[in-house]
Amino acid sequence: MANSDLIYQYKTTCNKLKKIQRVLIKRFGPSVTEVAEEFGSLANSFNEAFQPEYAAKCYIGQSKCEKLIGNDIGEVEALLRAARAFRTAHDKQERMCVENIAHTYHEGAFRCYTQALSRLPDKSVLGAAVIRELKEITPAVELTSDFSSPCHRIWDLEQSAEENLTGRDYVGAFEKLSEIYDDVIERKCEPLYRDVMRRIEVSRLLLLCLLQLPPSVRYDHKFIERYSTIGDAVGAGSSHREPSPGQGQLSEDLVFLLQSLVVSCQAKDVDSLVAVRDELCQRQDLTNSQQTLLKEVVAKYSK
């Protein structure tokens, strides 16, 4: 079907919805269920025609139909599809390298997300998931969920720490990462969060090198001591001193490089620090934030 035909069909279906909303006795108007199905079918056609912005509008129409028949779950699902279609439309603009990209589609997604949230209980799993998606396009939005889940809490704290790093609030980032670390240790569930513990171990160590905090200030002094001697407490399976829960998740070669980094910082050996940085920057297991922190550490000691 041609794009012009799809748009004409979309307008026709919108007119049917308007008739439904105007007619007081619904049995004399078009079938709400049929109109909802038409919007859903049109949305699929627009998606196949690579026009997600129109698909989003169809999903919004579908959500209005679901609301009219009292189907709250159907309304929320349609609103979430609309939000994701708007995001796809925004991404499409970015891929096409459109100059002066408008944030209209992200604003549309934001409205759909918030409307969906207004239909959900505060402590629902879906509500927490919607807030997570919403923060991907609007990180600064002040929305939280009362849903109590360790996974969601860890995700929220990590995202907040990333925002701190972007704003160069390194103390705030360190405190949030330490909160995750302490929570996982306290609940004795390290095996469930191996990847999280790896990321946090490296990020906290880099932040300590950057902040140069004195012992026993905002961290266990034994944490940095484990990296203060090269070759000591080298990863899981080592015969040396028992590693920390986070250090035990790291590979031996990464622990060795991190130890070399700490020793170089303590000795203020800039040449060694640069050499360690070059090796660490070649690794695939460091995140973009960690790569940035590493460069900040070298810049700090090079002054």
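Modeller: Buried, for us, means under 20% relative accessible area, with exposed over 50% and partly exposed in between (1.4 Å probe, protein chains only). It's a predicted model, so to speak plainly: local features need pLDDT of at least 70, side-chain atom pairs count only at pLDDT 80 or more, and totals for chains, interfaces and linings use all residues. Residues are numbered from 1 along each chain as its sequence is written, and side-chain values use heavy atoms, leaving out hydrogens and water.

Colleague: What share of the 303 residues counts as buried?

Modeller: The protein has 303 residues. By that cut-off, the buried share is 43%.

Colleague: How many helices and strands are there?

Modeller: Helices (H or I, at least four residues) and strands (E, at least two) are DSSP runs, numbered from the N terminus. Counted that way, the protein has 0 strands, and its helices number 13.

Colleague: How do α9 and α13 run, roughly parallel or roughly antiparallel?

Modeller: Helix α9 spans residues 194-211 and α13 residues 288-302, with axes (lines fitted to C-alpha atoms over the stretch in contact) 9 Å apart. Their angle, taken between N-to-C directions on a scale from 0 to 180 degrees, is about 20 degrees. Angles under 35 degrees count as roughly parallel. That makes the pair roughly parallel.

Colleague: How do the residues of that contact divide?

Modeller: Contact means heavy atoms within 4.5 Å. Those involved include Val 202 and Leu 206 of α9, and Leu 293 and Lys 300 of α13. Counting Ala, Val, Leu, Ile, Met, Phe, Trp, Tyr, Cys and Pro as nonpolar, Asp, Glu, Lys and Arg as charged, and the others, Gly among them, as polar, the contact divides into 9 nonpolar, 2 polar and 3 charged.

How values were computed. Angles under 35 degrees count as roughly parallel, over 145 as roughly antiparallel, 65 to 115 as roughly perpendicular and the rest as oblique.
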